[in-house]
Amino acid sequence: MTEPRTPADERPGASAEHPWPVRSIAVKVAQWIDRLGSVWVEGQITQISLRPGARTAFLVLRDPAADMSLSVTCDPQLLRGAAVPLQEGSRVVVYGKLTYFTGRGTISLRVTEIRPVGIGELLARIERLKALLAAEGLFDPRLKRPIPFLPKVIGLVTGRASAAEHDVLTVARQRWPAVRFEVRNTAVQGPTAVPQILDALAELDRDPDVEVIVLARGGGSVEDLLPFSDETLCRAIVAATTPIVSAIGHEPDNPISDHVADLRAATPTDAAERVVPDAAAELALVREQRERSAAALRGWVEREARALRQLRSRPVLADPLRLLEQRHDEAERLRTAARRAVQHGLDTQSTTIRHLRDKLTAVGPAATMARGYAVVQRVSGSERHVIRAVADAPPGSQLRIRVADGAISAAALGSQGLGGKTKGAENDRQ
């Protein structure tokens, strides 16, 4: 069961049952294009078809920075009466209106005015673009990537069989025979130059072995060098991850690519010299550095040896035992003085002790007994008591009499006081 059709499905072109005829589409496209009106268009002429007796001239206008082109038709008098002869590669500004030919289904720009872009205008545009890129900071030296000292592989973008290619390869191989190149031949002027150079740069930039890219071209006129001042190419150089050397033209030439590249070379030969080191010069530098290193090492050894000789000539190292001997003599002198002082102190103390001993001896009991005195003790069992008074030794007491050379045992027979009275046995008899 089919779904019911809506009014919208009945419109032409809305369904397979109600398609647009070709003529209707062609007419509508022509109407839409006609609404654009007349416009100014800038481009580069890549093809001119002007047949004798023809009422219409055909041209192809190409965008210098992109692989896009547009068919252009005009009155042949516009080409013949141009103030500057127009040829393939000329930059022009045209004024016209787009036309859609319904019979062939093609679009063409019917122009009524063609203005060649002169050198002054080209230079002014280049200066405006240079100011714009400088304001964006694309000329900043801090953005420049360093060129490797000895790149493994060098990418070269240049014209096929050109003098620039010959100069770069010849000079580089003379300086370093083992150098390797990845060469991409492109157009270096004309309408196809920018797209081909962009493709070559992108391909080399993706190659992990390529460490630096040289963009080389010989000298030429301002028109010839216009591709190297193209904004798209300049931004591609800045966006590349591989360092790029710009060697465009000769010293007076100054395309914008020289400002955005990581290194500007005055000529292709100068680019080869600045990218590839000179093997002979490097070997000479190595020899020189080796000689300087050896001389520096010898100088250092000589300075250290001289310093060691100076140290060894000092008294402390020339005769290291001298200070010990001097200290030994001083130590002997101090030890002798210490011994003398100690001996003197000992003698003094010995004399003092002797005097004290004599004093003690003189007043001691032994000396007294030596003079005829005796110590009398009363013996009572195991105890002994010194008799100090007559009453301490009653008659019959056992006595011990100590004299100078020994002791005598005795007994108390009696006592006599200081008044001459005798006590003892007589009193007992009475």
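Predicted model: local features only at pLDDT ≥ 70, side-chain atom pairs only at ≥ 80, totals over all residues.
Residues are numbered from 1 along each chain as its sequence is written, and side-chain values use heavy atoms, with hydrogens and water left out.

Helices (H or I, at least four residues) and strands (E, at least two) are DSSP runs, numbered from the N terminus. Strands of a sheet pair through backbone hydrogen bonds, either parallel or antiparallel; here, two strands pair if DSSP finds at least two bridges between them. Five strands close into a barrel with the order β1-β2-β3-β5-β4, and the pairing is mixed. On average, neighbouring strands of this sheet are turned by 55° against each other, direction ignored. For angles like this, axes are lines fitted to C-alpha atoms, for helices over the stretch in contact, and angles run from 0 to 180 degrees between N-to-C directions.

Gln-44 has Arg-91 in β4 as its bridge partner. Helix α1 (residues 22–34) lies across β4 and β5 (106–116) and runs at about 145° to β4.

Two helix pairs are worth a look. The axes of helix α4 (residues 163–175) and helix α8 (residues 268–275) come within 8 Å and cross at roughly 30°. That makes α4 roughly parallel to α8, given that angles under 35 degrees count as roughly parallel, over 145 as roughly antiparallel, 65 to 115 as roughly perpendicular and the rest as oblique. The crossing of α4 past α8 is right-handed: the near helix is turned clockwise from the far one by less than a right angle. Contact means heavy atoms within 4.5 Å, and Ala-164, Asp-167, Val-168, Val-171, Ala-172 and Arg-175 in α4 meet Pro-268, Thr-269, Ala-272 and Glu-273 in α8. Sorted by class, this contact has six nonpolar, one polar and three charged residues. Ala, Val, Leu, Ile, Met, Phe, Trp, Tyr, Cys and Pro count as nonpolar, Asp, Glu, Lys and Arg as charged, and the others, Gly among them, as polar.

For helix α5 (residues 193–206) and helix α6 (residues 231–239), the axes come within 10 Å and cross at roughly 10°. The two are therefore roughly parallel to each other. Ile-197, Leu-198 and Leu-201 of α5 make the contact with Thr-232, Leu-233, Ala-236 and Ile-237 of α6. By class, that gives six nonpolar, one polar and no charged residues.

Finally, there is an open sheet of four strands, in the order β12-β11-β13-β14, with antiparallel pairing. Its edge strands, β12 (383–386) and β14, each pair on one side only. Neighbouring strands here are turned by 30° against each other on average, direction ignored. Strand β11 (residues 375–380) pairs with strand β13 (residues 398–403) over four bridges, and Gln-377 stands opposite Arg-400 in β13. On to β14 (residues 406–411), which pairs with β13 over six bridges: Arg-400 stands opposite Ser-409, and Arg-402 stands opposite Ala-407. A hairpin of two residues joins β13 to β14.
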